[in-house]
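Here is the note on the model that you asked me to look over.

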Amino acid sequence: LEFGALPEDDDEVNELEEFDAWKLRELQRVRRERAERAAAEREKAELDRRRSLTDEQRAEEDAKFRAGKANAHEEKAQWK
Amino acid sequence: MWGKNSANVTDSSAVSVHGTNPQNLVEKILRAKIYNHAYWKEHCFGLTAESLVDKAMEVEAIGGTYGGIREPTSFIQLTLKMLQIQPEKEIVVEFIKNEDYKYVRALGAYYMRLTGKAVEVYQYLEPLYNDYRKLRRRQVDGSYTLTRMDEFIDELLRADYGATASVSVPVRASVTKGGTTMSEIGEVSEIGEVSEIGEVSEIGEMSEIGEMSEIGVSR
């Protein structure tokens, strides 16, 4: 069974393009990292806000959330 | 093949990793394939931590298994050998710090990813994000593709099943409580041209793995 030749992995060729491609990947990773951090911060802020509410406020918020959902008043279909 | 007197038994001085025999980190079917493979019998028999380096220098590609019978690559076989003989951590770190042989570095990184504690994994592997040398990867169908060292490291640190490593590593935030993954951002910003993406350089405090950054790359 023949698998074909080994591709060239010499690092001397196209050094500049390789470096630019790396830089792009690196910046994408930085961006990914920051997006993840921002998302974690948003979630923590939301959690803190929610925890600081009183029971009444929380119940009110829950009711509003449920009313906003589609099919909120329909019964769940019975599974056979 | 599995007996206590066979050549495949784990070194008697090896300590368990992740609560198990280190060889169990390679799954059983793959392990059996490796034990039966000609490369394992011919080239991996009786290897020590020193002689394993020579074999690692001859590795031509990273990868797990390939071809119709999912033949194991020499890369994964040497990984199993390392799990079997359990070289000291310093030796593994020397593999990772190796500048001249990228496949030795890849092997060391993979082994560290499999066996290391989460903090160690990040400590030793993150500086390799700086390394953008080409690596051949053996695909499952037997063909080769080119990847880069930093992509391989990213896969090891982020993917669920990176290069058949089924041991999960916690996300970085839970390991270090803040800080950033990107040790090399300082280096990027001094090269310039990143200003349009903006304020990248402020991320770059990487004190906790500061002393590792000299591993760097040869470019």
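1. Conventions. This is a predicted model, in which local features need pLDDT of at least 70 and side-chain atom pairs count only at pLDDT 80 or more, whereas totals for chains, interfaces and linings use all residues. Residues are numbered from 1 along each chain as its sequence is written, chains are lettered from A and ligands numbered from 1 in the order in which they are written, and side-chain values use heavy atoms, with hydrogens and water left out.

2. Strand 3 (residues 134-138) and strand 4 (residues 144-148) of chain B run antiparallel and are joined by five bridges; helices (H or I, at least four residues) and strands (E, at least two) are DSSP runs, numbered from the N terminus, and two strands pair if DSSP finds at least two bridges between them. Within this pairing Leu135(B) stands opposite Thr147(B) of strand 4 of chain B. Five residues lie between the strands of the hairpin, where Gly142(B) adopts a positive phi near 95°.

3. Aromatic pairs between the chains. Over all chains, a search of the whole structure gives six aromatic pairs, where rings of Phe, Tyr and Trp (its six-membered ring) pair if their centres lie within 6.5 Å, and planes under 30 degrees apart count as stacked, over 60 as edge-to-face and the rest as tilted. One of them is the tilted pair of Phe19(A) and Tyr132(B), with 5.7 Å centre to centre and 50° between the planes. Phe19(A) belongs to helix 1 (residues 15-52) of chain A and Tyr132(B) to the loop between helix 7 (118-125) and strand 3 of chain B, so this pair joins two chains. Phe19(A) is buried at 13% relative accessibility, and Tyr132(B) is buried at 11%; buried means under 20% relative accessible area, exposed over 50%, and partly exposed in between (1.4 Å probe, protein chains only). Ring pairs also bring in Trp22(A), giving a cluster of Phe19(A), Trp22(A) and Tyr132(B).

4. Tyr35(B) and Trp40(B) make a tilted aromatic pair, at 5.6 Å centre to centre and 55° between the planes. Tyr35(B) is buried with a relative accessible area of 5%, as is Trp40(B) at 3%. The charged end of Lys81(B) sits over the ring of Trp40(B), 4.7 Å from the ring centre, by the criterion that NZ of Lys or CZ of Arg is within 6 Å of the ring centre and within 35 degrees of the ring normal. Arg138(B) likewise lies over the face of Tyr66(B), at 3.8 Å from the ring centre.

5. How exposed or buried are Asp154(B) and Arg32(A)? Asp154(B) counts as buried at 14% relative accessibility, whereas Arg32(A) is partly exposed at 25%.

6. Glu46(A) and Arg49(A) form a salt bridge at 3.1 Å, N to O, both lying in helix 1 of chain A, three residues apart, about one turn of the helix. Glu46(A) is partly exposed at 39% relative accessible area, and Arg49(A) is partly exposed at 35%. Arg50(A) forms a salt bridge with Asp62(A), with the closest N and O atoms 2.9 Å apart; this pair links distant parts of the chain, from helix 1 to helix 2 (residues 55-68) of chain A, 12 residues apart. Through shared partners, salt bridges join Glu46(A), Arg49(A), Arg50(A), Glu61(A) and Asp62(A) into one network.

7. Covered positions in chain B. Helix 8 of chain B is mostly covered, with seven of its 10 residues buried, including Phe152(B), Ile153(B) and Asp154(B). Thr79(B), in helix 4 (residues 74-85) of chain B, is buried at 0% relative accessibility.

Terms used:
A salt bridge is a side-chain nitrogen of Lys or Arg within 4 Å of a carboxyl oxygen of Asp or Glu.
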